[in-house]
Amino acid sequence: MKKLGFGAMRLPENGRFSKGIDLDLTCEMIDYFIEKGYNYFDTAYPYHSGKSEETLKKCLVERYSREDFILIDKLPTFFLKKEEDMEKYFNIQQERCGVEYFDYYLIHDIAKRNLNAIRKFNPYEYVKKLKKEGKVKHIGFSFHDDAEFLEEMLNEMPEIEVVMLQINYLDWESSAVQSRKCYEICRKYNKEIMVMEPLKGGTLVNVPDKAKDILKTSKPEMSVPSWALRFVAGLKDVSIVFSGMHSIEDVKENIETMDNFEPLDEKEHKILQDVAGIIKGVNIIPCTYCNYCAENCEDNIPISKFFELYNADLRENHFKFSKYLDEYNEYASIAAYASDCTFCGNCVDSCPQQLDIPEYMGDVADYFE
Ligand code: SF4
Ligand code: SF4
């Protein structure tokens, strides 16, 4: 079961406030991953503000033969202002990654909020042209919207080969993400399915204590994240599951799960339903910490970091409130406070989870300030 892919959205950084990626550690993680027989890598234009693509060039492309790895990149639909931008971004991505071709090239973030760009610039025709020219081997899109819209898009883009979906046991029956319904639509249209956010940005790693106890009691030898990976990797027609790896421990733990893969049985599926209910009951902000919103906030509010601290404290039942408050104040003092939010709404359209960020920011301000 080599269904595990290396997601390069949450690479290890140098220090807490630094934006630089730890290259030595990333090389070590990639070396281990490849040595164990895994070879899928996923990146995108905005990840780490462009540094994800550059890091893969240094740690992967320049250190391995091109045929040793499968590289997926994505056309940044949300940045398109004119038709020529598609070619501009593709050239930049080739340059940043140092490759002549991408194995998969996906239209990034097909969603209703990007419909104007989809209709106006026709990225579907553009990726088909790239495929014809041999600059990409396979084409597809990543998707963040409801199942009805997915079906509409698949009808409009029949030559799409692969769809990348957000699937995890928490979003499986969610009315917003609609993981199950979207998965079923892809199967109906015979599309290859790639999975993103199997751990929901770490939410399914750091589960509330009550949920952790249930998982640990049911199968003491199995780690908490391994339940989430087994849930998605066991789904029929899922070709690869991308986990955003942040440390060498993440890589080892994920590989351990996949090397010794066992699909979930019926009883275990039921356990995960109960666990999902507990996690939902804590009312955390359903942020996946992708950080897409960061660049749209002129007030420089560390949105995802604040949501992370808020969620961590709720999950841990306020036992470490003063620790998280200190951390909140530390970030706020070098960037901005949640209460500096002007409710301008500029961040909202960039959020693939369609969160009402300004409203949540008000909650964070009330909570920590
Ligand atoms: S609504 Fe608040 S968090 Fe969002 S961009 Fe405006 S100031 Fe920043
Ligand atoms: S608020 Fe939305 S865009 Fe920002 S980090 Fe969370 S999920 Fe990503």
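Reader: How much space lies in the second largest pocket?

Author: About 290 Å³, in a model that is predicted. The pocket is lined by 14 residues. Closest to its centre are Leu170, Asp171, Lys200, Lys280 and Pro286.

Reader: What makes up its lining by class?

Author: The lining has 7 nonpolar, 4 polar and 3 charged residues. Leu and Pro count as nonpolar, whereas Asp and Lys count as charged.

Reader: Which residues surround ligand 1?

Author: Asn296, Cys297, Asp299, Ile303, Cys341, Thr342, Phe343, Cys344, Gly345, Cys347 and Pro358. Each has a heavy atom within 4 Å of the ligand, so each counts as near. By class, this shell divides into 7 nonpolar, 3 polar and 1 charged.

Reader: What is the space taken by ligand 1 called?

Author: That space is the largest cavity. The word is used because a 1.4 Å probe fits there but cannot get out, with the protein atoms alone considered.

Reader: Why is Cys297 called buried?

Author: Buried means under 20% relative accessible area. Cys297 has 15%, so Cys297 is buried. Cys182 has 3% relative accessibility, so Cys182 counts as buried too.

Reader: How do you know whether Cys182 is in or out of a disulfide?

Author: A disulfide needs two cysteine sulfur atoms within 2.5 Å. For Cys182, the nearest cysteine sulfur is that of Cys186, 7.0 Å away.

Methods
Residues are numbered from 1 along each chain as its sequence is written. Chains are lettered from A and ligands numbered from 1 in the order in which they are written. This is a predicted model: local features need pLDDT of at least 70, side-chain atom pairs count only at pLDDT 80 or more; totals for chains, interfaces and linings use all residues. Side-chain values use heavy atoms; hydrogens and water are left out. Buried means under 20% relative accessible area, exposed over 50%, partly exposed in between (1.4 Å probe, protein chains only). On a 1 Å grid over the protein atoms alone, a cavity is a set of points where a 1.4 Å probe fits but cannot get out, and a pocket is an open set with protein on both sides within 12 Å along at least five of seven lines; lining residues have an atom within 4 Å of a point. A molecule sits in a cavity or pocket if more than half of its atoms lie within 2 Å of its grid points. Grid points are joined across faces, edges and corners, and a volume is the space filled by probe spheres set on the points.
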